Amino acid sequence: ELPNLYLIPAHLQLVRQDRTLVQAVMERNPNLPEAELLQMVFDDNEEFIGENFDYIILDTNTYLSQINENAFSVVDSFIYITDPSYEGLMGIASLSYLWSEIADQIGKEITFEDTIVLNKFEKGYKLSEKIYSLLKGDFASEEDENLYGGFSEAFVDFPIPKTVKFGESSFSGVPMIASKQPDQRMIIKKVEGLIDKLIEKGAL
């Protein structure tokens with residue numbers, strides 16, 4: 001129903017494949033750093049990938065597993081999607097720092113800037129508004145600026161509102177983009193607006 005869109009599903013047990021992935025590929029090249037195994041696969045298939053795909057999106061969790069380290073090593077940009085919580089902001093800061101450490105260890109130059117997207121935003125809700133202000137760089141105190149001052153440059157000021165429609169779409173197995181329901185089409189319009197902003201920022 002959606003031409004030119006290819007989805008490869010993941011699974012919670014995928015983390016178990018970390019060791020298998022390392023063992024299988026290291027047999028081919030024992031001198032290759034473990035965090036560059038996926039890069040080798042991309043290099044081997046560079047012509048096919050270049051001819052068939054405009055974008056490849058790797059949707060990962062925030063853990064630095066072996067699989068995620070490999071995913072991070074091949075990307076052109078990071079798009080962090082966070083909910084309006086302090087835990088979300090700290091998760092972004094921690095992951096960004098740890099990845100820079102790993103990149104330095106394997107000798108990979110980071111040539112892209114981070115991008116932050118705010119999801120599940122509730123207008124009028126105190127915590128949502130506070131996190132939104134921090135991401136924009138509107139600080140109420142010097143302490144806030146010291147803690148969150150590095151986020152505003154990466155933030156895309158186009159928050160996605162909280163809605164149960166994403167959950168309903170996941171449960172039904174019908175992508176929202178394929179829905180003809182007016183309320184879901186409104187959300188799609190917001191996402192399309194976000195994509196325009198990401199392109200404008202150079203994240204896509």
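Predicted model: local features only at pLDDT ≥ 70, side-chain atom pairs only at ≥ 80, totals over all residues.

Biologist: How many helices and strands does the chain have?
Modeller: The chain has nine helices and two strands. Helices (H or I, at least four residues) and strands (E, at least two) are DSSP runs, numbered from the N terminus. The order from the N terminus is α-α-α-α-β-α-β-α-α-α-α.

Biologist: What share of the residues is buried?
Modeller: Buried residues are 31% of the 204 in the chain. Buried means under 20% relative accessible area, exposed over 50%, and partly exposed in between (1.4 Å probe, protein chains only).

Biologist: And what share of the contacts is between residues 24 or more positions apart?
Modeller: Of the contacts with a separation of 6 or more, 62% are between residues 24 or more positions apart. Contact means heavy atoms within 4.5 Å.

Biologist: Which residues touch the most other members of the largest nonpolar core?
Modeller: That core has 22 residues, and Leu 89, Ile 116, Leu 118, Leu 135 and Phe 151 touch the most other members. A nonpolar core is a set of buried Ala, Val, Leu, Ile, Met, Phe, Trp, Tyr and Cys residues joined through side-chain atoms within 4.5 Å. Two or more residues come from each of helix H4 (66-74), strand E1 (78-82), helix H5 (86-106), strand E2 (114-118) and H6. H5 gives the most, with six residues.

Biologist: What does Ile 116 touch?
Modeller: Leaving out residues up to four places away in sequence, Ile 116 touches Tyr 80, Thr 82, Ile 92, Leu 135, Phe 151, Ala 154, Phe 155 and Val 156. Val 156 is in a second, separate core of seven residues, which also includes Ile 160, Leu 194 and Ala 203.

Biologist: Back to H4. How many of its residues are buried?
Modeller: Eight of the nine residues in H4 are buried, and the helix is mostly covered. Among the buried ones are Gln 66, Asn 68, Glu 69 and Asn 70, and Phe 72 and Val 74 are also on that list.

Biologist: Change of topic. How many aromatic pairs are there?
Modeller: There are seven aromatic pairs. One of them is Phe 78 with Tyr 80, edge-to-face at 5.7 Å centre to centre, with 85° between the planes. Rings of Phe, Tyr and Trp (its six-membered ring) pair if their centres lie within 6.5 Å; planes under 30 degrees apart count as stacked, over 60 as edge-to-face and the rest as tilted.

Biologist: Why do Phe 78 and Tyr 80 count as buried?
Modeller: Phe 78 counts as buried because its relative accessibility is 5%. Tyr 80 counts as buried because its value is 8%.

Biologist: Which ring does the charged end of Lys 136 sit over?
Modeller: The charged end of Lys 136 sits over the ring of Tyr 132, 4.3 Å from its centre. For Lys 190, the ring is that of Phe 158, and the distance to its centre is 4.7 Å. A charge sits over a ring if NZ of Lys or CZ of Arg is within 6 Å of the ring centre and within 35 degrees of the ring normal.

Biologist: Next, Ser 128. Is this residue buried or exposed?
Modeller: Ser 128 is buried, with a relative accessible area of 1%. This residue lies in helix H6 (residues 126-136). A polar atom of the Ser 128 side chain lies 3.2 Å from the backbone nitrogen of Glu 122. Beyond four places in sequence, Ser 128 touches Pro 84, Lys 120, Phe 121 and Glu 122.

Biologist: Where is Lys 120?
Modeller: Lys 120 lies in the loop between E2 and H6. Its phi is near 60°, a positive value in a residue other than glycine.

Key. Residues numbered from 1 in each chain as written. Heavy atoms only, no water. Polar contact = N/O pair within 3.5 Å; in protein donor to acceptor, adjacent residues only side chain to side chain.
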